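Here is a short note for a colleague opening this entry for the first time. Please read it alongside the sequence and the model.

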Amino acid sequence: NLTLYPGHHPSTFSSSPPSRMLWQYICLFGQRLVSRKTLEPMEGQMTCHLNTFDLVIWGVGTTLGVGVYFLVGAMARDIAGPSIVICFLVAALSSVLSGLCYAELAARVPHSGSAYLYSYVTVGQLCAFITGWNVILSFVFGTAGVAKAWSATFDNLIGNHISRVLQENFSLNMPQLLAKYPDFLALGLVLLLMGVLVLGVDVSALVNQVFTGINLLVLSFIIISGFIKGDLHNWQLTEEDYKLAASRTNHTYRLGPLGSGGFVPFGFEGILQGAAFCFYAFVGFDVIATKGKEALNPHRSIPLGIVIALSICFLAYFGVSAALTLMVPYYQIQPENPLPQAFFQVGWAPAGYVVTVGILWALSFRLLTNMLTTAHMMREMADDGLLFRGLARIHGRRDTPILAVLATGTLLGILTLLFTFSDLVDLMSTGTLLSYTLGTFSVLVLRYQPDQNFSKKEKVEKEIEMDPRYEATPLESVPEAETSNIRKSGQIVYGCAFLLVLLLTILSLILAQWPSRVFSGDLGSTTGAVLLLLLITGVTVIIWRQPQNPTPPPFKVPALPVLPVLSIFLNLYLMMQMTSLTWAQFGIWNAVGFAIYFGYGIRHSVEENRDQQLAASNSQTLDEHTPSAGSS
């Protein structure tokens, strides 16, 4: 019913020619895509009890996990060698830039919530759905990777008997698309924890601190022991060392590639490709930005907590990867279980068993918390009507979204059963990078927009003021005149920001796919890259010259627009390092998401129904302000 949209009435459409009616329908459809969520008043006042230390512990606890225990092995052996420590530095830099942008985005919204909520309130529905859908991708595929890692660790502890039996009897024979065998052990673990979540559990700050402390103790033990048993010669390996190792190698495992040897055996390309995969290791820090209403001094503690948490995680990754590559030549690392096997290879078998138990302990907690977070993310989107409403149903006294938990467990079970660990990591990294890019884009454009009203009451009053039948007095029109420049600036920045993302995507694609041509002086490639850089610089200057909103947010990203532009470029460049298979799988996931959104979510959105109810009630209010035809 077109009368339900604010500012539109039946006469508007009945008297319009077909072409104009089509244009109005398109405009209305566009308005639905960018409709923002209005926040309801919070029931009671949330207690502020988290200091900077608490936020750092939350960030470290949700970030340190399978990346530090498994990713280092695969990346060092086949992609980066000892230079994996530089890969982690690049990934950490990208994460810090995105984290600061998340901090500003969270500071703009007077509620605690996820990146999905912040996007919905500040940018609009479509951007929020894409962000939320890819956050779900990140959690689901990342959690499946944790389950696969737990399975591999436990199997290695008992002599790899489970994997041998499964591979002999249940081989899938599709190495390019699926795992070598269905991982029933990982499936059983997921189903077990799904049952635990259905019964109702929660993770308190104290429990998180305990498990984070245990995790850090295990990592400290690995780093100290690794440096004690390490040999600097393993960062200076040559072809002679490789041949000698090959002659001594038994047939239980094969050597990895040598590359060119030395500290950077696979070149600059290996470092950048490794950084794209290492980004997986820093996923989870954004939980700090969601604690705004629980923090004692959020404007200071949130950005400080993000930087400190990422610094601690980087030092942990740096120490573990350095210890691993110093203990064992990178081509002798066993990626299925790198850290315990490294201790076995240097003759410290008891240390290997201690590390294995610590890894199982840490991964179990991470798996439980990730499954719970994924279910709550589904519930949040279902509450807004963008996903199927049944996922938001709460059962029992422990506030457990059982259908969301069951959906999460079912999807996780399929992924852990059929996909390889590397495929899960690639997809998870791609989805996370896209979510961070959207968040950074939002910060870039929002700084140049007029002040936004987040509450339901303010939204109603704003719609009444904007209706053409309401005659504003000169005094009431002053704020509109004062914000006209900012609105014009905001429109310019929106257009420039979209153009900037397009140019950065093209540049990232060129640098990722044809780096040798660009840096070797190839006329076409180098000229194209230079022209793109000039255009990007020009568009950035145009954005910089626009007047910003004079009302600053509680926390501001420094050096805007340069820092967000740099963050978007790094994220896009790391995304371009992914394989074509990863992009195909990523496209399928998002195609399913768009089918759900346009087939269900856009029609059942709570905000859409609320806008219709507000418009219906506003119509009567506006009529009361409209003078009658016979009045003088």
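Is A559 buried or exposed? A559 counts as exposed because its relative accessibility is 52%, and the cut-off for exposed is over 50%. Keep in mind that this is a predicted model.

1. Backbone at A559. The residue sits in the loop between α21 and α22. Phi of A559 is near 55°, a positive value in a residue other than glycine. Most residues other than glycine have a negative phi.

2. A cis bond. The peptide bond from L560 to P561 is cis, and its omega is near 10°. P561 belongs to the loop between α21 (523-545) and α22 (562-575). Most peptide bonds are trans.

3. Backbone at N160. Here too phi is positive, near 60°, and N160 is not a glycine. N160 is in the loop between α7 (125-157) and α8 (161-169). N160 counts as partly exposed, at 29% relative accessibility.

4. Aromatic pairs. The structure holds 29 of them. W133 and W589 are stacked, with 4.6 Å centre to centre and 25° between the planes.

5. Another stacked pair. F211 and F365 are 4.2 Å apart centre to centre, with 15° between the planes. F211 is in helix α10 (residues 205-229) and F365 in helix α15 (residues 349-383), 154 residues apart. F211 is partly exposed at 23% relative accessible area; F365 is buried at 9%.

6. Aromatic cluster. W133 and W589 also belong to one aromatic cluster, whose members include F29, F129 and Y597.

Note on methods
Residues numbered from 1 in each chain as written. Predicted model: local features only at pLDDT ≥ 70, side-chain atom pairs only at ≥ 80, totals over all residues. Heavy atoms only, no water. Helix = DSSP H or I, 4+ residues; strand = E, 2+ residues; numbered from the N terminus. Buried < 20%, exposed > 50% of the residue type's maximum accessible area, 1.4 Å probe, protein only. Phe/Tyr/Trp six-rings, centres within 6.5 Å; stacked < 30°, edge-to-face > 60°.
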